[in-house]
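Q: Please take me through this model one feature at a time, starting from a single residue.

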Amino acid sequence: MELTLPKHVNPELLPMIRQGLLSPEKLAILSELHAIVERFAGSLYTDEETQKRILEKTGSVPDLITWGDYFQTEVASRYYLESEESLRRIVDTIRFDLISSHLIFSGKPDHYKDKIRGDVLFSKGIDSALPNQNLESQHLEILLNYFENMEIGKKPLSLQDKAWYESFQIDEIAI
């Protein structure tokens, strides 16, 4: 009997589904994660040229094409043992970070982004001597990487995401 995947569930998750590691509730959360990430991503995870090369070399297209595919499979493989509630918090934290990235870096000049990178290099040097110092600049680097790699600024921020972001309770929801 062939298993039919729910909409927006990457085929890479099939082994986990067959082993019973991902409940229908978790699949629904992971499907929502895919949709969230796709609202922000302005580029593909695996660009079309790379897809062509892989197709020519292997005879098939990779399963991880979009950033939604990437985040979904990454979260599923790392957190499949977590409860549905915990998985929801993880997805909400990712959504919060994507929106933050959009708000912080959209329209900012390159010198602003370069300053963030410089601050991170400096804080990493300090952190080797003083652990847990300047974690904010390191988190900004993660958000900057999201912004640049996913080309987040290409799409406008939806009213739905703005409203959700403004109502987000960091202390209660974020991990």
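Q: Where is the place of L64?
A: L64 sits in the loop between α3 and α4. Helices (H or I, at least four residues) and strands (E, at least two) are DSSP runs, numbered from the N terminus. The model is predicted, so local features need pLDDT of at least 70 and side-chain atom pairs count only at pLDDT 80 or more, whereas totals for chains, interfaces and linings use all residues. Residues are numbered from 1 along each chain as its sequence is written, and side-chain values use heavy atoms, with hydrogens and water left out.

Q: Which residues is L64 in contact with, beyond its neighbours within four places in sequence?
A: Contact means heavy atoms within 4.5 Å. With those neighbours left aside, L64 is in contact with N10, E12, Y45, T46, D69, Y70 and T73. As for distance along the chain and in space, L64 and L44 are 20 residues apart in sequence and 9.3 Å apart, C-alpha to C-alpha.

Q: Which residue other than glycine has a positive phi?
A: Most residues other than glycine have a negative phi. E151 is a case with a positive value, its phi being near 55°. E151 lies in the loop between α7 and α8 (159-167), and E151 counts as partly exposed because its relative accessibility is 30%.

Q: How many helices and strands are there in the protein?
A: There are 9 helices and 0 strands. Of the 175 residues, 37% count as buried. Among contacts with a separation of 6 or more, 70% are between residues 24 or more positions apart.

Q: How is the packing of α2 and α4 described?
A: Two packed helices are described by the angle between their axes and the distance between the axes. Axes are lines fitted to C-alpha atoms, for helices over the stretch in contact, and angles run from 0 to 180 degrees between N-to-C directions. α2 and α4 pack at about 145°, with axes 8 Å apart. α2 contributes L30, S31, L33, H34, V37 and E38 to the contact, and α4 contributes W67, G68, D69, F71, Q72, V75 and A76. These residues divide into 7 nonpolar, 4 polar and 2 charged; Ala, Val, Leu, Ile, Met, Phe, Trp, Tyr, Cys and Pro count as nonpolar, Asp, Glu, Lys and Arg as charged, and the others, Gly among them, as polar.

Q: What are the corresponding values for α4 and α5?
A: The angle is about 145° and the axes are 11 Å apart. F71, V75 and Y79 of α4 meet L87, I90 and I94 of α5, and the residues of this contact divide into 6 nonpolar, no polar and no charged.

Q: Which residues have the most contacts inside the largest nonpolar core?
A: A nonpolar core is a set of buried Ala, Val, Leu, Ile, Met, Phe, Trp, Tyr and Cys residues joined through side-chain atoms within 4.5 Å. The largest one has 37 residues, and L13, L22, L30, L33, F71, L98 and M150 have the most contacts inside it. At least two residues come from each of α1 (14-18), α2, α4 (67-79), α5 (84-105), α6 (110-129) and α7 (135-149), and α5 gives the most, with 8 residues. Leaving out residues up to four places away in sequence, L33 touches F71, Q72, V75, V91 and I94.

Q: Is R95 buried or exposed?
A: R95, in helix α5, is buried because its relative accessible area is 7%. Apart from neighbours within four places in sequence, R95 is in contact with I36, R39, Q160, D161 and W164.

Definitions and conventions:
Buried < 20%, exposed > 50% of the residue type's maximum accessible area, 1.4 Å probe, protein only.
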